[in-house]
Structure formats: C-alpha cells, structure tokens
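The following paragraphs lead through a single protein model, from its overall layout to individual residues. Please keep the sequence and the coordinates in view while reading.

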Amino acid sequence: MESILNANSIAFIGLCNEYRLALQDAREAERDEFIDHMLRLLPRLYISATDLKVDSVFEDEDPFLTEVLDEDYYEAIRRNVETLLGPDDVYLEVFEEDMKYSDTPVAASVSEGLADIFQVLYNFLNTIHDATDANMQLAIMAVRDDFRSYWSTPLCNVLRALNHLRYRE
C-alpha cells in the first residue's frame with residue numbers, strides 16, 4: 001500500500017529523527033560539533049516545517065500528538081545540553097514580550113529552547129510510529145500547527161544564540 005505522505009513530509013520525519021538523536025546524544029557530543037550540527041539542522045527543520053502540507057480531507061479534523069515524553073526525560077535532555085554549553089547556555093532574549101516593559105534584560109536558555117523543540121518532535125515521532133495514514137496526516141497537521149503557534153519562535157531564537165556562539169570573536 002502506498003503512503004499518502006508527500007516527499008516533504010517524509011523529509012521532515014527524517015529531520016525530526018536526526019534532531020531527536022542529536023539531542024539524545026548531546027551528553028557524549030563535543031561542544032563545537034554539537035553547535036555546528038544544530039546550526040545545520042535547525043534551518044532545515046524550519047524550512048521543512050514551513051512547507052508541511054496536509055490533505056484537505058483532514059483540514060476539519062482535530063489534530064493531535066500523543067504526549068509521551070515525561071518530565072524526567074525532558075529534564076535530562078535539557079540538562080545534558082546545559083552541561084555541554086556551560087555558561088554559554090544563557091543568552092539575552094530581545095523578542096520576549098515582557099522585554100517591552102522591563103528595565104532589565106530577559107535571559108533565555110539554549111538548552112530549554114532545544115528541549116522544548118525536542119518535546120514536540122519526540123511526541124510527533126511517537127505518534128506517527130505505526131500510525132495509519134489518516135493518523136499520520138493528523139499528526140503532521142498538529143506538528144505544523146504547533147510550529148506556527150509555538151516552536152518556530154524558540155527555534156529562531158536558539159539559532160540566533162548558537163550562531164553567536166559559533167561566530168563570536
């Protein structure tokens with residue numbers, strides 16, 4: 001039976017898996033190699049997520065991702081990246097809504113941003129594992145909607161912070 005997934009959806013699933021593996025392996029990674037890998041991977045995820053399409057038959061359905069990532073695993077992923085980046089994990093966030101009303105800078109964390117993205121993609125990969133074509137379409141719709149409403153912003157912010165770490169003097 002032929003899948004109803006298009007080439008971009010298949011590529012997106014592959015990128016999600018690459019991202020999942022990179023964060024799971026962060027504990028053993030070299031700092032500069034990890035940063036370089038994220039700088040190559042995050043823009044590809046952004047482009048692929050932007051181009052996700054769902055069959056119009058499913059547009060009226062209620063999309064869902066099965067929440068399987070528990071808090072302990074999330075925290076382990078976040079801590080591993082935080083340890084890898086050390087003091088460079090924290091950066092100033094200029095696009096934070098509260099920044100308009102604050103006299104002090106708003107700090108953000110690369111590890112938390114990457115772990116937040118990891119959570120969405122981990123749940124997505126688990127939802128589509130052994131799913132029917134219809135459920136895959138719903139999961140793609142859910143991850144696309146989550147991207148638009150939430151995880152596109154941390155992805156861009158973390159990319160900017162990692163770019164600074166890579167190319168600062």
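How many helices and strands does the protein chain have? The protein chain has five helices and two strands, where helices (H or I, at least four residues) and strands (E, at least two) are DSSP runs, numbered from the N terminus. Along the sequence these elements follow the pattern α-α-α-β-β-α-α. The model is predicted, and local features need pLDDT of at least 70, side-chain atom pairs count only at pLDDT 80 or more, while totals for chains, interfaces and linings use all residues. Residues are numbered from 1 along each chain as its sequence is written, and side-chain values use heavy atoms, with hydrogens and water left out.

Some totals describe the chain as a whole. Of the 169 residues in the protein chain, 43% are buried; buried means under 20% relative accessible area, exposed over 50%, and partly exposed in between (1.4 Å probe, protein chains only). The protein chain exposes about 9,600 Å², of which carbon and sulfur atoms supply 49%. Accessible areas come from the Shrake-Rupley method with a 1.4 Å probe, and for residues only the protein chains shown count as cover. Among contacts (heavy atoms within 4.5 Å) between residues at least 6 apart in sequence, 81% join residues at least 24 apart.

Helix α2 covers residues 31-50, has 20 residues and reaches 28 Å from its first C-alpha to its last, close to the 28 Å expected at 1.5 Å a residue. The expected span of a helix is 1.5 Å times one less than its number of residues. The buried residues of α2 are F34, I35, M38, L39, L41, L42, L45, S48 and A49. An α-helix has 3.6 residues a turn, so residues three or four places apart point the same way. What covers the buried residues of α2 includes α1 (7-24), α3 (71-85), α4 (110-128) and α5 (133-167). H37 also has its place in α2, but at 22% relative accessibility H37 counts as partly exposed. Leaving aside neighbours within four places in sequence, H37 is in contact with E18 and A22. H37 and A22 are 15 residues apart in sequence and 8.1 Å apart in space, C-alpha to C-alpha.

How do the helices pack against each other? The axes of α2 and α3 come within 9 Å and cross at roughly 120°; axes are lines fitted to C-alpha atoms, for helices over the stretch in contact, and angles run from 0 to 180 degrees between N-to-C directions. α2 passes α3 in a left-handed crossing. A crossing is left-handed if the near helix is turned anticlockwise from the far one by less than a right angle, and right-handed if clockwise. In this contact, R31, F34 and I35 in α2 meet V81, L84 and L85 in α3. By class, the contact of α2 with α3 has five nonpolar, no polar and one charged residues. Here Ala, Val, Leu, Ile, Met, Phe, Trp, Tyr, Cys and Pro count as nonpolar, Asp, Glu, Lys and Arg as charged, and the others, Gly among them, as polar.

α3 also packs against α4, at an angle of about 145° and with the axes 8 Å apart. The crossing of α3 and α4 is right-handed. On the α3 side the contact involves Y73, Y74, I77, R78, V81, E82 and L85, and on the α4 side V110, S111, E112, L114, A115, D116, F118, Q119 and Y122. The residues of this contact divide into 10 nonpolar, two polar and four charged.

Several single residues complete the picture. N123 lies in α4 and counts as buried at 2% relative accessibility. Not counting residues up to four places away in sequence, N123 touches L65, T66, E67, V68 and L69. S9, in helix α1, is buried with a relative accessible area of 1%. Leaving aside neighbours within four places in sequence, S9 is in contact with L52, K53 and I140. N157, in helix α5, is buried with a relative accessible area of 12%, and the C-alpha atoms of N157 and S109, 48 residues apart along the chain, are separated by 9.7 Å.

Finally, D130 is placed in the loop between α4 and α5. D130 is exposed, with a relative accessible area of 70%. Most residues other than glycine have a negative phi. D130 has a positive phi of about 60° although it is not a glycine.
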